Amino acid sequence: MTQVHTRPPELVPHVAGDLPGPRSAEYLEHQRRWESNARAYPRNLPIAIAEAVGSHVRDMDGNVFLDFLSGAGVLSLGHNHPELVRAATAQLGVLTHGLDFPTPAKREFIDAQLSMLPAGMRERMKLHFCGPTGANAVDAALKLCKTATGRGDIVSFQGGFHGSSHAAMALTGLVSQKRPIANGMPGVHFFPYSYCARCPLGLSPNTCETNCVAYLERALQDVNGGLPLPAAVVLEMVQGEGGIVPARREFVRRVRALTRKLDIPLVVDEVQTGCGRTGRWFAFEHFDIEPDVIVASKALSGMGLPVAVIFYDERLDTWAPGAHSGTFRGNQAAFAAGAAAVRIVRRDDVLGNVRRRGAQLSDRLTMLRNNPWVREIRGLGLMWGIELADPGDGTPASTYARAVQAHALRNGLIIELGGRDDGVVRLMPPLTVTAEDIDRASLILAGAIEHCRPGD
Ligand code: PMP
């Protein structure tokens, strides 16, 4: 049986008056005055957060929201899961910071993480603890693969997102983020991803024969292809920021076969998809492949304490001592919470909840299918995207999506956008979300999509 939080009675979504409310407005003004112009989330979700529990967030004005953003996928077991809070706070009194020394909390974390890998991988994977962000772990994966292969080029995929550091950004599809930054990491080659709703090759799924991957296969094996053998191919199983685009099974399997054949390490970026988000511990398990490197971060502690790791095949372990160092690689409270999170995921069949609630969400979202502006509804587990586009010319309906997000917020639901021009509404509830909250969120979202007028 999945255990879910019993929600304190006052935590039912309700919003009184306009947003932001007066106290949130004060905080937002303070932020505007003193924080960076690069701040992002509160621009479209204009609230200041006072506290949160489970799937709910309360703002400074007492408004309560159902949180289907989950700290960008970090809060897998919801806000302040009591057992995780206990595990982390107990650890704080023992040891908080450990650089990369071995400690009991870290050892428990490592054993817990390895136990979640498919059986065939456990014995041959090693872990490296990175600076505590997904981007830093992506950087580490690139350095590992470059060192092990002696090669310099990287293959990445259009529409992908891998982080905001210089190197991770170089692998990211989002051109606008890269444009102002001269001299990004060279040697990254972008290939088409299996994004059938907007096929990068202009084909239709019925007749394409997965030409996106065929293009990569040919390019890497063509003596005149112009591309030296890369140090790594880096792939998301579901493009998250790219608009929740699950890769086609055939695509992933052929990328794996090709990289095996050519001895190119396959790096799967599971920063967003990992730790149960898709209904398996790692999303690559859906595709029956085994990668050479797994990048994981966001939900590793289950509660937002930062930690990031790469798991990699031990044959790649040729880098030197100190090759990827960093001061904050020993967050003991995050390790304690992460080990507890694995125990809870097993005990409470959280992955089963993800699959059941994911199926329920998928079912509820079918009510949107008749809307001509809904181009596609897609997802895996508990990451879902509703792509909104002009039914005439297919232009991403960015303004409409932004209006839907604002309307949902006013009705007590926090959701994020993504994809081309932010035309995709993204849903990422905690993995412990209840059936009732899925129903509630679906109704709020359907109301917003119905109420807002496309093209305004
Ligand atoms: N990879 C993927 C797939 C991501 O979704 C993200 C963050 N959204 C990152 C890497 C970067 O993680 P971070 O923001 O922790 O650096």
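A residue is called buried here when its relative accessible area is under 20%, exposed when that value is over 50%, and partly exposed in between. Keep in mind that you are looking at a predicted model.

With those words in hand, turn to helix 7, which covers residues 134-149. Its buried residues are Gly134, Ala135, Ala137, Val138, Asp139, Ala140, Ala141, Leu142, Leu144 and Cys145. What covers them? Among the covering elements are strand 5 (154-157) and helix 8 (166-170), along with strand 7 (232-235), strand 10 (266-269), strand 11 (293-296) and strand 12 (309-313). The length of helix 7 can be checked too: at 1.5 Å a residue, its 16 residues should span 22 Å, and the end C-alpha atoms are 23 Å apart, so the two values agree. Just after this helix comes glycine 150, with a positive phi of about 70°.

Which residues of helix 15 are buried? They are Asp437, Ile438, Ala441, Ser442, Ile444, Leu445, Ala446, Ala448 and Ile449.

Now step back to the whole chain. It contains 15 helices and 17 strands. Its radius of gyration is 22 Å, close to the 23 Å that the globule rule gives for 456 residues, so the chain is as compact as a globular protein of that length. Along the principal axes, the C-alpha atoms fill a box of roughly 65 × 60 × 45 Å. Of the 456 residues, 55% count as buried. If you consider contacts with a separation of 6 or more, 74% of them are made by residues 24 or more positions apart.

What about the surface and the charges? The chain exposes about 19100 Å², and carbon and sulfur atoms supply 53% of that area. There are 48 positive and 47 negative side chains, and the centres of the two sets lie 2 Å apart.

A few spots in the backbone deserve a visit. Most residues other than glycine have a negative phi, and most peptide bonds are trans. Leucine 19 and proline 20, however, are joined by a cis peptide bond, with omega about -5°; proline 20 sits in the segment before helix 1 (22-34). Leucine 99 is not a glycine, yet its phi is positive, at about 40°. You will find leucine 99 in the loop between helix 4 (82-92) and helix 5 (104-115), and it counts as partly exposed because its relative accessibility is 37%. Aspartate 421 also has a positive phi, near 50°. Its place is the loop between strand 16 (416-418) and strand 17 (424-427). Is aspartate 421 buried or exposed? Its relative accessibility is 55%, so it counts as exposed.

Our last stop is asparagine 211, in helix 10 (residues 211-221). With a relative accessible area of 25%, asparagine 211 is partly exposed. Leaving aside neighbours within four places in sequence, it is in contact with Leu201, Leu203 and Arg218. Arginine 315 is 104 residues away along the chain, and its C-alpha atom is separated from that of asparagine 211 by 32 Å.

Definitions and conventions:
Residues are numbered from 1 along each chain as its sequence is written. This is a predicted model: local features need pLDDT of at least 70, side-chain atom pairs count only at pLDDT 80 or more; totals for chains, interfaces and linings use all residues. Side-chain values use heavy atoms; hydrogens and water are left out. Helices (H or I, at least four residues) and strands (E, at least two) are DSSP runs, numbered from the N terminus. The expected span of a helix is 1.5 Å times one less than its number of residues. Buried means under 20% relative accessible area, exposed over 50%, partly exposed in between (1.4 Å probe, protein chains only). Contact means heavy atoms within 4.5 Å. The radius of gyration is taken over C-alpha atoms; the globule rule is 2.2 Å times the number of residues to the power 0.38. Accessible areas come from the Shrake-Rupley method with a 1.4 Å probe; for residues, only the protein chains shown count as cover. Lys and Arg count as positive and Asp and Glu as negative; His and the chain ends are not counted. The place of a charge is taken as NZ of Lys, CZ of Arg, CG of Asp or CD of Glu.
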